[in-house]
Structures are given as C-alpha cells and as structure tokens.
Amino acid sequence: TPVYLAFSGGVDSAVLLHLLLKRKADVKLLFIHHCGLFCDEEQLFSENLSKELGIELIIKRIDQFKGPGSKEAYWSRERYKIFQDMDRMVLTGHHLDDAVEWYIMSTFQGTPKILEYQNNNVIRPLICTPKSKIYEYAKYRNLEYLNDPSNSDPNSGLRNKTRIKLMGNVHECYPGLRTTVSRLIREKEENRKDNEPL
C-alpha cells in the first residue's frame, strides 16, 4: 500500500524509513517546514537523502507562528491539517516515550490522553517502541540522522521542559509507566478495530 512518511531527518523518522525500505514499501517522504531555526537544515538533509535513495520528497510549509497560544500546539494542529489533506496514509515516527510524555502532560492539564496508534489516516508504527530501542537500531544500522539543538533546551517549549526536567523523576517513581501506557495504547487500538464498520 502506498504511504507517506512524515520525515524530519531525526532519528525516529530515519529508523522508520529504514524499516519501510527493508519491507520494500511504496513510500514518499513528506517534509513539513515549520519556519523554525533548524528547519532549513532539516529540509536540505531530506532533499539530499531523497535524491540519494531515489524517493520522491514532498515539501509543505506552515505559516510562521505569530501567537497567541502555544507554538507547539499551533505546529501540531497545522501538521495534522496537512496530514488530513494527503491522499494516502501518513506514517509518523512517534514512539513510546512521546506517548508517555503526552499522557503525563495531558494528565496534569486535567484530561489524560493516549497517543493513538492510528487516528484517521495517520499511523504511528513505533508508538509502543521506547526511544532507547530506536537509538540502538540507528546505531546498529549506522544510520545518518540530525539532532535538533532545540530538543535539549528546556526553555524552547513545554514538551522539552517536561522531558528534561520532569520525566526522569517520573520514571524513577513509576518505573512501570511505559508498560502501562503501552497497554493503554494497545487497548485503545483494539477498541478502534472493534468499532470499525464492517
């Protein structure tokens, strides 16, 4: 089945691309430019890789964030609009640590949420895979990828602040949290399949 891969050049999308190519999937790369400081470098990396692999690259652009509200929330909404407008399934590199962070952040905001395996035409194949396993795979396969410097800056957004300042303590207190969130994801996916029209 033809699919798009939401590709940023980061380790998550690089590993997912490698897995798709191993399975000889019919895949096109979808790069979304957020007008951020690192986006030009990410786009150049994506362009070079698509040429090297002979894979079509589609580039979309999100208007620069002007506020009010959260820049991260704005980017997420705009990305999802783009995904929904695509004419085939879109795969993203979201992983289990993303899902745990989202669960914790949404819980603190009063509405616990589970990052789903599939939401309409968006599929997250790595959603039950810990980030550590993704890094291990990339190292074993000697994959090239980019590291966005803003990911290590706790002041660049609530998600980074949560990951850098909070998640280590959360996992120390609740070492089974990844297992719990993974179970919730699988249960939600089973319910979704059960409720699909025949």
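1. Start with two helices. In this predicted model, helix 4 (residues 96-108) packs against helix 6 (residues 158-165) at an angle of about 105°, and their axes are 11 Å apart. An angle of 65 to 115 degrees counts as roughly perpendicular, so that is the label for helix 4 and helix 6.

2. Who touches whom here? From helix 4 come Asp98, Glu101 and Met105, and they meet Leu158, Arg159, Thr162 and Arg163 of helix 6. Sorted by class, this contact has four charged residues, two nonpolar and one polar.

3. Now for the rings. A pair of aromatic rings is described by the distance of the centres and the angle of the planes. The model has three aromatic pairs. One of them is phenylalanine 7 with phenylalanine 45, which is stacked, with 6.5 Å centre to centre and 5° between the planes. Phenylalanine 7 sits in the loop between strand 1 (3-6) and helix 1 (11-22), while phenylalanine 45 belongs to helix 2 (residues 39-53), so the pair ties together parts 38 residues apart in sequence.

4. Are those two phenylalanines buried or exposed? Buried means under 20% relative accessible area, so phenylalanine 7 counts as buried at 2%, and phenylalanine 45 counts as buried at 16%.

5. Tyrosine 135 and tyrosine 145 also form an aromatic pair, this one tilted: 6.3 Å centre to centre and 55° between the planes. Tyrosine 135 is in helix 5 (residues 131-140) and tyrosine 145 in the loop between helix 5 and helix 6, so the pair links parts ten residues apart in sequence. Tyrosine 135 is partly exposed at 36% relative accessible area, and tyrosine 145 is partly exposed at 27% relative accessibility.

Key:
Residues are numbered from 1 along each chain as its sequence is written. This is a predicted model: local features need pLDDT of at least 70, side-chain atom pairs count only at pLDDT 80 or more; totals for chains, interfaces and linings use all residues. Side-chain values use heavy atoms; hydrogens and water are left out. Axes are lines fitted to C-alpha atoms, for helices over the stretch in contact, and angles run from 0 to 180 degrees between N-to-C directions. Helices (H or I, at least four residues) and strands (E, at least two) are DSSP runs, numbered from the N terminus. Angles under 35 degrees count as roughly parallel, over 145 as roughly antiparallel, 65 to 115 as roughly perpendicular and the rest as oblique. Contact means heavy atoms within 4.5 Å. Ala, Val, Leu, Ile, Met, Phe, Trp, Tyr, Cys and Pro count as nonpolar, Asp, Glu, Lys and Arg as charged, and the others, Gly among them, as polar. Rings of Phe, Tyr and Trp (its six-membered ring) pair if their centres lie within 6.5 Å; planes under 30 degrees apart count as stacked, over 60 as edge-to-face and the rest as tilted. Buried means under 20% relative accessible area, exposed over 50%, partly exposed in between (1.4 Å probe, protein chains only).
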